[in-house]
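Here are my notes on this model, point by point. Please keep the structure open as you read.

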Amino acid sequence: MTVIDPDTQAGWVPEAEAEDDAEDMPLSMRLSIADTLTLGNATCGFMAVYFTTTGILIPHLTGSDESGMARHSAATAVILMLMAAVFDLFDGLVARKLRSSPMGAELDNLSDLISFGLAPAYFVLVYGMVADDAHQRVSALAAIVVLLAVVLRLARFSCVTMKDGMFQGMPSPFGALTVISIVLLELPFVPTLLAIIGVAWLMVSRVEYPKPRGVLAVAMLGWIVAAMGLLAAWAFDAPGGQLLLQTGCALQVVLGAVIPLFATARRVNTFRGNRREARAAQLP
C-alpha cells in the first residue's frame with residue numbers, strides 16, 4: 001500500500017512492503033556469496049592488466065630505467081592472477097556447499113576470461129614489447145592464440161558435459177599460470193613462443209584433468225601461496241630470489257607437461273583394458 005504524505009504530496013512505501021518487494025526480486029538479480037568471490041576474481045584480473053601497463057609497459061615506452069619498479073609491478077600482476085585463481089577455487093567450493101545464483105556460471109566464465117584469458121595474453125604482449133630478443137608482432141600473435149584458446153575452452157566448458165570430477169583440456173587458471181611461468185623463465189624467444197603455443201593447445205585439447213577437490217584443492221592452494229612467496233622474494237631482491245622464482249616457474253612448466261602425459265597414459269591403458277575385456281567376452 002502506498003501512503004501519500006499530506007505535506008509533501010510524496011508517496012512512500014511502508015517498510016514491510018519494501019521488504020516484500022525485495023523478496024520478490026528475481027533470483028537472477030541476486031548475488032550469492034559464491035558470486036561475490038567470482039567478482040573478486042574478475043577484479044584481480046583487471047588489476048593485473050593495470051599493473052602490467054603502468055609498471056612495465058609505460059616505463060618502457062617513456063624510456064625509464066627503473067628496473068626495480070618493473071620487477072615489483074610484474075610480481076604484483078602475477079600475484080593478482082594467483083589471487084584470482086584462489087577466488088576461482090573458492091567460489092566453486094562455496095557454490096557447492098551453499099548455493100549459487102542462476103547467473104553464477106555466466107559470471108564465472110566472464111571472470112575467468114578476464115583473469116586467465118585477457119590478463120596473461122596481455123602479459124605476453126607486453127613481454128614481446130619490452131624483451132630485448134622478442135619480436136613484437138610475433139608476440140602479439142602468440143597473445144591472441146592464448147586469448148582465443150581460453151575463449152574456446154570456456155565456451156566448450158559451457159556446452160560439453162564431462163564425467164564428474166574431470167575437466168576436458170587444461171583448466172584456464174592452470175594454463176594462465178603456466179604461460180606466465182614460461183615468460184618469467186626468460187628463455188630465448190623461440191622456445192618461449194613454442195612453449196606458450198603448446199600451453200594454448202593443451203587448453204583446447206581433449207586431455208582430461210582432475211578438478212581441484214579435496215586433497216588436490218589443498219595442494220593447489222598451498223602451491224599458490226608458495227608461488228606468492230617466491231614472487232615477493234624476487235620483487236624485493238631477496239638473496240637467491242631470482243633462483244627461487246625460476247625454480248618455481250620451472251616446476252610449474254614441468255607440471256604442465258607431465259600431467260597430460262599421465263592422462264594420456266591412463267586413457268591408453270583404459271582403452272587397452274576395454275579391448276581385452278571385449279575379446280575375452282567374445283571367446284567361447
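1. Start with Gln252, which sits in helix 9, residues 241-282. The model is a predicted one. Is Gln252 buried or exposed? Its relative accessibility is 4%, and buried means under 20%, so Gln252 counts as buried. Setting aside residues up to four places away in sequence, Gln252 touches Phe174, Leu177, Thr178, Ser181 and Trp223.

2. Now find Thr54 in helix 2, which covers residues 33-61. Thr54 has 29% relative accessibility, so it counts as partly exposed. Look also at Ser73. Along the chain, Thr54 and Ser73 are 19 residues apart. Their C-alpha atoms are separated by 7.9 Å.

3. Next, the pair of helix 5 (residues 136-159) and helix 7 (residues 189-204). These two pack at an angle of about 15°, and their axes are 8 Å apart. Angles under 35 degrees count as roughly parallel, so helix 5 and helix 7 are roughly parallel to each other. Their crossing is left-handed. On the helix 5 side, the contact residues include Val138, Ala142, Val145, Ala149 and Arg153. On the helix 7 side, they include Phe189, Leu193, Ile196 and Ala200. By class, this contact has 13 nonpolar residues, one polar and two charged.

4. Helix 7 has another partner, helix 6 (residues 172-184). Which way do helix 6 and helix 7 run, roughly parallel or roughly antiparallel? Their axes come within 9 Å and cross at roughly 175°. Angles over 145 degrees count as roughly antiparallel, so helix 6 and helix 7 are roughly antiparallel to each other. Helix 6 brings Ser172, Gly175, Thr178, Val179, Ile182 and Val183 to the contact. Helix 7 meets them with Thr192, Ala195, Ile196, Val199 and Met203. The contact divides into seven nonpolar residues, four polar and no charged.

5. Finally, the largest nonpolar core. How many residues does it hold? There are 56, and Phe123, Leu184 and Leu231 touch the most other members. Elements giving two or more residues to this core include helix 2, helix 4 (104-130), helix 8 (215-235) and helix 9. Helix 3 (67-97) is also among them. The largest share, 10 residues, comes from helix 3.

6. Take a closer look at Phe123. Leu184 is itself one of the core residues that touch the most other members.

Note on methods. Residues numbered from 1 in each chain as written. Predicted model: local features only at pLDDT ≥ 70, side-chain atom pairs only at ≥ 80, totals over all residues. Heavy atoms only, no water. Axes fitted to C-alpha atoms, helices over the stretch in contact; angles between N-to-C directions. Helix = DSSP H or I, 4+ residues; strand = E, 2+ residues; numbered from the N terminus. Parallel < 35°, antiparallel > 145°, perpendicular 65-115°, else oblique. Left-handed = near helix turned anticlockwise from the far one by under 90°. Contact = heavy atoms within 4.5 Å. Nonpolar A, V, L, I, M, F, W, Y, C, P; charged D, E, K, R; others polar. Buried < 20%, exposed > 50% of the residue type's maximum accessible area, 1.4 Å probe, protein only. Core = buried A, V, L, I, M, F, W, Y, C linked by side-chain atoms within 4.5 Å.
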